[in-house]
Amino acid sequence: DITWMFSEQQQQSITSGPPPPECPDPLFNNSPVDFTKVAHVLLPGQYRGYNYKPHGGFIMNPGTTGQVEVKMPMDAKIVGLTRYLESPDKAMQYLITFVNDCGIEIKFDHLAVLSPRLAAIAETRSPAMLDDTRSDPNNRPSPELFKAGEVIATSIGHPNIKNFSFDFGVTDYRKPNDISKNKDWVALHDTFIASEWYGVCWFDMLPGDDSGHAKKLAETPINPSKPNVVSDYCKNVPKTTLDVDGGKPTDG
């Protein structure tokens, strides 16, 4: 098996095993969710709630009540699964990571009801703890292959409190992203290098019209009182975090 990892000493991604294959073109054969049910798209590479988020996400239409199918966008092997209880309603949530052998990592969070195949894997994981998303890197699930288009969840978010959203992030370990070449930005992002320096904007990876839909939905501010639309990764967004409060954490 090919294993991708980040070397803190070398400050770059490295592989073990045979040489990795070329990535498919296009990368994604499927979208992770039906865009007719999406109300907003969260931009990757921005601060949300004072925390930097390399990943983006989807806020679904209230009419879905969180009952939506989440699908694999490309073939990838599962490398991590954590189940945890999240405040304020102690809802069971699942954080799952997949990696394609070519160096693309896909991460989902805030999945509420898993497919039977993933639910069986979840039962082999540590018991869920309140607000604890940590996983044991030495106890990864067996690297089963999940195919593009396979349904991995049928419910997301916190339906009981009407939070119908989930996280979706993509990391490209083949090369650092463009913003990581900016010394001012690097000075503020020297702790979580593996995720922040290699995080990418996945809008152009989406198939067909979904790419345009994602960009349009992401350009609309979710909170009118915080009108800045910011992303360090997405080229269609005019502002980066360096343009807002000098790149320091904000709650917007």
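Q: In β14, what is the bridge partner of Asp109?
A: In this predicted model, the bridge partner of Asp109 in β14 is Asp167. Asp167 also stands opposite Gly57.

Q: What makes strand β10 and β14 a pair?
A: Two strands pair if at least two bridges are found between them. Strand β10 (residues 104–114) and β14 are joined over 6 bridges, so they count as paired. The pairing is in the antiparallel sense.

Q: How many bridges join strand β6 to β14?
A: Strand β6 (residues 56–60) and β14 share 4 bridges and run antiparallel. At least two bridges are needed, so β6 and β14 are a pair as well.

Q: Why is strand β14 described as largely enclosed by the rest of the structure?
A: A residue is buried when its relative accessible area is under 20%. In β14 (residues 165–172), 8 of the 8 residues are buried, so the strand is largely enclosed by the rest of the structure. Both faces are covered.

Q: Why is the ring pair of Phe58 and Phe166 called tilted?
A: First, a pair to compare it with: the structure holds 14 aromatic pairs, including Tyr47 and Tyr52, with 5.2 Å centre to centre and 80° between the planes. Planes over 60 degrees apart count as edge-to-face, so Tyr47 and Tyr52 are an edge-to-face pair. The rings of Phe58 and Phe166 have their centres 5.3 Å apart and their planes at 35°, so this pair is tilted.

Q: Which parts of the chain does the pair of Phe58 and Phe166 tie together?
A: Phe58 lies in strand β6 and Phe166 in strand β14, so the pair ties together parts that are 108 residues apart in sequence. Both Phe58 and Phe166 are buried. Ring pairs link these two into a cluster with other residues, among them Phe28, Phe98, Phe168 and Trp202.

Q: What makes the charged end of Arg117 count as sitting over the ring of Phe146?
A: One condition is that CZ of Arg is within 6 Å of the ring centre. The charged end of Arg117 sits over the ring of Phe146, 3.7 Å from its centre. Phe146 also belongs to the cluster linked by ring pairs.

Q: How do you know that Cys23 and Cys102 form a disulfide?
A: The sulfur atoms must lie within 2.5 Å. Those of Cys23 and Cys102 are 2.0 Å apart, so the two form a disulfide. With 90° about the S-S bond, the link is right-handed. Cys23 lies in the loop between β2 and β3 and Cys102 in the loop between β9 and β10, so the pair ties together parts that are 79 residues apart in sequence.

Q: Why are Cys23 and Cys102 both called buried?
A: The relative accessible area is 15% for Cys23 and 2% for Cys102. The limit for buried is under 20%, so both residues qualify.

Q: How do you know that Cys201 and Cys234 form a disulfide?
A: Their sulfur atoms are 2.1 Å apart, and the limit is within 2.5 Å; therefore the pair is a disulfide. The link is right-handed, with 95° about the S-S bond.

Q: Why is Gln11 called partly exposed?
A: Gln11 has 42% relative accessibility, so it counts as partly exposed. Buried would need under 20% and exposed over 50%. Gln11 lies in the loop between β1 (3–7) and β2.

Q: Why is Lys90 called exposed?
A: Lys90 has a relative accessible area of 57%, and exposed means over 50%; therefore Lys90 is exposed. Lys90 lies in the loop between β8 and β9.

Q: What makes the link between the side chains of Ser155 and Gln67 a polar contact?
A: One condition is a pair of N or O atoms within 3.5 Å. The polar contact that joins the side chains of Ser155 and Gln67 is 3.3 Å. Ser155 is in strand β13 (residues 151–156) and is buried, with a relative accessible area of 3%.

Terms used. Residues are numbered from 1 along each chain as its sequence is written. This is a predicted model: local features need pLDDT of at least 70, side-chain atom pairs count only at pLDDT 80 or more; totals for chains, interfaces and linings use all residues. Side-chain values use heavy atoms; hydrogens and water are left out. Buried means under 20% relative accessible area, exposed over 50%, partly exposed in between (1.4 Å probe, protein chains only). Helices (H or I, at least four residues) and strands (E, at least two) are DSSP runs, numbered from the N terminus. A polar contact is a pair of N or O atoms within 3.5 Å; within protein, one must be able to donate a hydrogen and the other to accept it, and residues adjacent in sequence count only if both atoms are side-chain atoms. Rings of Phe, Tyr and Trp (its six-membered ring) pair if their centres lie within 6.5 Å; planes under 30 degrees apart count as stacked, over 60 as edge-to-face and the rest as tilted. A charge sits over a ring if NZ of Lys or CZ of Arg is within 6 Å of the ring centre and within 35 degrees of the ring normal.
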